[in-house]
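Have the sequence and the 3D structure open as you read. This report walks through helices, loops and a pocket in turn.

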Amino acid sequence: MKKIAVVYWSGTGNTKAMADAIVEGAKSAGSDVSVFGPTEFTGSMVADFDAIAFGCPAMGAEVLEEEVFEPMFTSVESHLSGKRIALFGSYGWGDGQWMRDWEDRCKSAGATLITDSVMANETPNDDALSDCRALGSAL
């Protein structure tokens, strides 16, 4: 059984809804899933999981949430080499630049993005939630 971590921050509940669908998809594929907020997850925990889904909405000028999520992600980034990961999040403006920048960071850290990242404009619709369940299954 694969051990999966879902690590996310949600301000409005949109990214939480996506995380819930990812958990559902991973569990339906037979994985053991643990869910963490950014204050609960550390770089030393990365090795404990077969794959990790990171979720954060776009904030400000299309960046990761800066107070809690960004510091956590920066601290785990050096532990991601060779790790299977997936990214997800919601946005309300822009064109998804925050996600492309985030994907580039992960690739530069040596992580393996195992599936296309999932973005939802505002509240995730049925298609986005379906994509999240598929992301969870892919983990």
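## Helix 2

The buried residues of helix 2 include F69, M72, F73, V76 and E77. Seen down the axis of helix 2, its buried residues fall within an arc of 135°, so they line one face of the helix. Keep in mind that this is a predicted model.

What lies over that face? The cover for the buried residues of helix 2 includes strand 1 (3-8), strand 3 and helix 3 (97-108).

## Helix 3

Now turn to helix 3. It has 12 residues. From its first C-alpha to its last, helix 3 reaches 16 Å, close to the 16 Å expected at 1.5 Å a residue.

In helix 3, W98, M99, W102, E103 and C106 are buried. They cover an arc of only 135° around the axis, which puts them on the same side of helix 3. K107 and S108 are on the other side of helix 3, and they are exposed.

Which elements do the buried residues of helix 3 pack against? Their partners are strand 3, helix 2, strand 4, strand 5 (112-113) and strand 6. After helix 3 comes G110, with a positive phi near 90°.

## Helix 4

Helix 4 can be checked by its length. At 1.5 Å a residue, its 13 residues should span 18 Å, and its end C-alpha atoms are 18 Å apart, which agrees.

Which residues of helix 4 are buried? They are A128, L129, C132, L135 and G136. Seen down the axis of helix 4, these buried residues fall within an arc of 110°, so they line one face of the helix. On the other side of helix 4, D126 and D127 are exposed. The elements covering the buried residues of helix 4 include helix 1, strand 3, strand 4 and strand 6.

## Two glutamates with positive phi

Look next at two loops. E62 sits in the loop between strand 3 (51-55) and helix 2 (69-77). Its phi is near 60°, a positive value in a residue other than glycine. Is E62 buried or exposed? Buried means under 20% relative accessible area. E62 has a relative accessible area of 12%, so it is buried.

E122 lies in the loop between strand 6 (118-121) and helix 4 (126-138). E122 is not a glycine, yet it has a positive phi of about 65°. Partly exposed residues fall between the buried limit of 20% and the exposed limit of 50%. E122 has a relative accessible area of 41%, so it is partly exposed.

## P38, a buried loop residue

P38 lies in the loop between strand 2 (32-36) and strand 3. Its relative accessible area is 9%, so P38 is buried. What does P38 touch, not counting residues up to four places away in sequence? It touches Y8, W9, V68, F69 and M72. F69 and M72 are among the buried residues of helix 2.

P38 can also be compared with E70. The two are 32 residues apart in sequence. In space they are 8.7 Å apart, C-alpha to C-alpha.

## M119 in strand 6

M119 is found in strand 6. At 35% relative accessibility, M119 counts as partly exposed. Leaving aside neighbours within four places in sequence, M119 is in contact with M18, G89, Y91, G96, W98 and M99. W98 and M99 are among the buried residues of helix 3.

How many residues apart in sequence are M119 and G55? They are 64 residues apart in sequence and 9.7 Å apart in space, C-alpha to C-alpha.

## T15 in helix 1

T15 belongs to helix 1. At 1% relative accessibility, T15 counts as buried. Not counting residues up to four places away in sequence, T15 touches Y8, W9, S10, G55, C56, P57, F88, G89 and S90.

## The largest pocket

Finish with the largest pocket. Its volume is about 160 Å³. The lining has 14 residues, of which T12, N14, P57, A58 and S90 lie nearest the centre. P57 and S90 are also among the residues that T15 touches.

Which elements each supply at least two residues of this lining? Helix 1 (14-28) and strand 4 (84-91) each do. The lining residues divide into 6 nonpolar, 7 polar and 1 charged.

Notes:
Residues numbered from 1 in each chain as written. Predicted model: local features only at pLDDT ≥ 70, side-chain atom pairs only at ≥ 80, totals over all residues. Heavy atoms only, no water. 1 Å grid on protein atoms, 1.4 Å probe; cavity = no way out; pocket = protein on both sides within 12 Å on 5 of 7 lines; lining within 4 Å. Points joined across faces, edges and corners; volume = space filled by probe spheres on them. Helix = DSSP H or I, 4+ residues; strand = E, 2+ residues; numbered from the N terminus. Nonpolar A, V, L, I, M, F, W, Y, C, P; charged D, E, K, R; others polar. Buried < 20%, exposed > 50% of the residue type's maximum accessible area, 1.4 Å probe, protein only. Contact = heavy atoms within 4.5 Å. Expected span 1.5 Å × (residues − 1). Arc of directions from axis to C-beta.
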